[in-house]
Amino acid sequence: MPQHRLRLVLAPTSEDVSRAGAALRAMLDACCGTGSHCHDIELGVAEALANVVRHGSRRTFIALRCTCGPAGVRVLAADDGNPADMTKLPAALPADPLAGSGRGLWIIARTVDAFRYRRFRSLNVHCLERRAACAR
Amino acid sequence: MEVTAFRQDGMLTIKPSIGRLDASVAQDFEESCARRAQGESRLAIDMSSIVFVDSAGLGALVSVLRSLGEGARLRLVGATRNVRTLLQLTRLDKVFELGEPPQAAS
């Protein structure tokens, strides 16, 4: 099965993140069919990017590189903002069920198999992986 | 944001014209729903056109519920399987009522 790839450079805005999410989903659907893991990885990536937009500072772009193949899906997101503080995912949801926020990192933790962060050449690099066999 | 609203069995139902409820539209969605729902204690939102919701979208739904006041009920109708799964994952299926779209309800 061929490997599908997607490369995007986004402005650090929620509008561009939304468009990137739709583009990622289209690529995943083309690669894998419409399995639930496609939705999971779309959601995990959307949350990671939204977190960069919401909490990052002094960044001017987000570069996204996605590959999808028999081994699963791997997404690298790099931004040029100040060092991020997203190295640990929470083990629990917010205690208040009516909290207006605080679910994003929990969703990442539950939708991807691996999540890593590193600082590389003045870039924040987030890597998300989902090991799932494609339906095709 | 364009939303349509109609009343059925005494409950106001709002149908937003969006496919994704994410951070790019969450605030607009929240304000549009809250404006339409002023004075209501029971509200339904028709989610059938929405194929993707993220945590910002969930936060907007929670805010709409809170805007209705204490003891209010917010019913999400026609949610897709993926959206229902997300609601279960975040345990918001215990906060919102889930149901079928009005035209499909018996």
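Residues are numbered from 1 along each chain as its sequence is written, while chains are lettered from A and ligands numbered from 1 in the order in which they are written. In this predicted model, local features need pLDDT of at least 70 and side-chain atom pairs count only at pLDDT 80 or more, whereas totals for chains, interfaces and linings use all residues; side-chain values use heavy atoms, with hydrogens and water left out.

**View 1. The fold of chain A.** Chain A contains three helices and five strands, where helices (H or I, at least four residues) and strands (E, at least two) are DSSP runs numbered from the N terminus. From the N terminus, their order is β-α-α-β-β-α-β-β. The radius of gyration of chain A is 15 Å, close to the 14 Å of the globule rule for 136 residues, so chain A is as compact as a globular protein of that length. This radius is taken over C-alpha atoms, and the globule rule is 2.2 Å times the number of residues to the power 0.38. Of the 136 residues, 51% count as buried; buried means under 20% relative accessible area, exposed over 50%, and partly exposed in between (1.4 Å probe, protein chains only).

**View 2. The fold of chain B.** Chain B has three helices and seven strands, arranged along the sequence as β-β-β-α-β-β-α-β-α-β. A compact globule of 106 residues would have a radius of gyration near 13 Å, and the 12 Å of chain B agrees with this. Its C-alpha atoms fill a box of roughly 30 × 30 × 25 Å along the principal axes. Of the 106 residues of chain B, 51% count as buried.

View 3. Helix H1 (residues 26-36) of chain B has the buried residues Ala26(B), Phe29(B), Ser32(B) and Cys33(B). They cover an arc of only 135° around the axis, and therefore lie on the same side of H1(B); the arc is that of the directions from the helix axis to the C-beta atoms. An α-helix has 3.6 residues a turn, so residues three or four places apart point the same way. On the other side of H1(B), Gln27(B) and Arg35(B) are exposed. The cover over the buried residues of H1(B) includes strands S1 (3-8), S2 (11-16), S3 (20-21) and S4 (42-46) and helix H2 (55-67) of chain B.

View 4. Gly100(A) lies in the loop between strand S3 (72-79) and helix H3 (104-111) of chain A. This glycine is partly exposed, with a relative accessible area of 44%. Apart from neighbours within four places in sequence, Gly100(A) is in contact (heavy atoms within 4.5 Å) with Gly59(B) and Arg66(B).

View 5. Most residues other than glycine have a negative phi. Phi of Arg121(A), however, is near 50°, a positive value, and phi of Ser122(A) is near 65°, a positive value too. Arg121(A) is exposed, with a relative accessible area of 71%. Ser122(A) is exposed, with a relative accessible area of 53%.
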